[in-house]
Amino acid sequence: MTVGTRSSKYLFGVVCCCLATLGWSLSGVFVRTAPELGGWEVNGYRAPACSLFLLIYLAIRYRGDMWRHLWPKHQPYALLIAGLFFAAGSTLYVTALTKGTVASVSVLGATSPIFAALLAWLLMRERTSAIALGATVMALVGVGVVVQAEMSALATAGLAAAISLGYAFCFAGQTVTLRQYRDLEMIPGILYGGLMTFLFIYLFVGLPLLPAREIGLLAAMGLLQLAIPLILFAAGAKHLPVVPAILISLADVVLNPFWAWLAYGEQPPQGTVAGGALILSLIHISEPTRPY
């Protein structure tokens with residue numbers, strides 16, 4: 001593979017991950033649009049809607065060959081691993097949004113590069129470049145600034161903080177899995193994760209029938225905030241090392257609270273803005289010494 005080809009694939013990965021992050025950042029707006037809904041209800045409807053849209057995507061892309069990708073002959077367990085990480089992570093994330101501020105949840109989710117670097121080294125022996133590692137450390141300084149600004153909110157939302165850290169670990173695990181099994185079509189794994197989420201909530205928590213407006217809202221959330229970004233991120237993560245891919249996703253720290261402020265006036269403290277600006281300024285320097 002030539003340097004030009006590697007560079008093109010790296011750029012493609014960056015663009016896909018940026019667009020995916022933009023879609024993910026709409027989560028706070030969607031959740032705030034229906035404040036009467038709890039995390040279980042949001043995930044119980046959003047997850048199967050996402051799975052349905054992903055199934056339609058696979059059917060259009062692969063047509064009659066779709067079934068071979070839904071359960072490949074080699075390493076089918078990789079799909080289940082990705083699905084479990086997705087099911088746990090998406091449930092934890094939305095649950096945290098219902099218990100804490102959008103800014104605080106996004107900030108604590110930004111600790112995922114720490115988990116990602118550790119998992120990538122343990123599972124793939126993928127070394128993080130000095131530049132990417134330095135950008136990660138500095139980005140976490142930005143996270144610390146935001147945490148300090150959000151301390152009053154976190155003090156009354158300790159559960160949300162713990163849940164957010166769990167989400168950060170799951171997102172890191174999902175990203176490492178996408179990278180580790182990049183030769184497979186991993187979208188079916190996310191599809192299975194959505195179904196796992198729905199079945200767990202339906203069987204063990206219960207899922208009430210919602211009005212048509214709420215169902216439509218959560219279906220739109222499943223498409224715009226979950227399915228399309230996941231397709232983009234799965235495509236992009238195959239061409240990026242794990243840490244830079246997650247560093248790009250740190251833009252959510254700024255974008256998610258910004259949309260919530262723009263739509264519903266949920267005002268983040270000045271420290272949140274300052275720390276978020278620091279994180280965003282570091283994303284562009286996280287490119288490794290050579291494209292993958």
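1. Helices here are DSSP runs of H or I with at least four residues, numbered from the N terminus. Under that numbering, Ala135 lies in helix H8, which covers residues 130-149. Please keep in mind throughout that the model is predicted.

2. Ala135 has a relative accessible area of 1% and is therefore buried, since the cut-off for buried is under 20%. Pro244 belongs to the buried residues of helix H13.

3. How many residues of H13 are buried? Eight of its eight residues are, so helix H13, residues 242-249, is mostly covered. The buried set consists of Val242, Val243, Pro244, Ala245, Ile246, Leu247, Ile248 and Ser249.

4. On helix packing, two packed helices are described by the angle between their axes and the distance between the axes. Helix H3 (residues 39-62) and helix H11 (residues 187-205) pack at about 150 degrees, and their axes are 8 Å apart. H3 and H11 are therefore roughly antiparallel to each other, the cut-off for that class being over 145 degrees. The crossing of H3 and H11 is left-handed.

5. Leu55 sits in helix H3 and is partly exposed, at a relative accessible area of 34%. Leu55 and Pro188 are separated by 133 residues in sequence, while the distance between their C-alpha atoms is 7.8 Å.

6. H3 also packs against H12, at an angle of about 55 degrees and with the axes 7 Å apart. That makes H3 oblique to H12. The crossing of H3 and H12 is right-handed.

7. H11, in turn, packs with H5: the angle is about 50 degrees and the axes are 7 Å apart. That makes H5 oblique to H11. Here, too, the handedness is given: the crossing of H5 and H11 is right-handed.

8. Turning to empty space, rolling a probe the size of a water molecule over the atoms shows where such space is left. The structure holds one cavity of 30 Å³ or more. The volume of the largest cavity is about 310 Å³. Its lining counts 22 residues, and Trp24, Tyr93, Tyr167, Phe171 and Gln225 are those nearest the centre.

9. Which helix gives the most to the lining of the largest cavity? H5 does, with five residues. Helices H5 (77-97), H6 (102-109), H10 (158-180), H12 (212-237) and H14 (252-264) each supply at least two lining residues. By class, the lining of the largest cavity divides into twelve nonpolar, eight polar and two charged residues.

10. The residues lining the second largest pocket are Arg68, His69, Pro72, Lys73, His74, Asp183, Leu184 and Glu185. In class terms, four of these are charged, two are polar and two are nonpolar.

11. Most residues other than glycine have a negative phi. Arg63, by contrast, has a positive phi, near 55 degrees. Arg63 is found in the loop between H3 and helix H4 (66-70). With a relative accessibility of 67%, Arg63 counts as exposed, because the cut-off for that class is over 50%.

12. The other value belongs to Gln75, whose phi is likewise positive and near 55 degrees. Where is Gln75 found? Gln75 is in the loop between H4 and H5. Its relative accessibility is 36%, so Gln75 counts as partly exposed.

Technical notes. Residues numbered from 1 in each chain as written. Predicted model: local features only at pLDDT ≥ 70, side-chain atom pairs only at ≥ 80, totals over all residues. Heavy atoms only, no water. 1 Å grid on protein atoms, 1.4 Å probe; cavity = no way out; pocket = protein on both sides within 12 Å on 5 of 7 lines; lining within 4 Å. Nonpolar A, V, L, I, M, F, W, Y, C, P; charged D, E, K, R; others polar. Buried < 20%, exposed > 50% of the residue type's maximum accessible area, 1.4 Å probe, protein only. Axes fitted to C-alpha atoms, helices over the stretch in contact; angles between N-to-C directions. Parallel < 35°, antiparallel > 145°, perpendicular 65-115°, else oblique. Left-handed = near helix turned anticlockwise from the far one by under 90°. Points joined across faces, edges and corners; volume = space filled by probe spheres on them.
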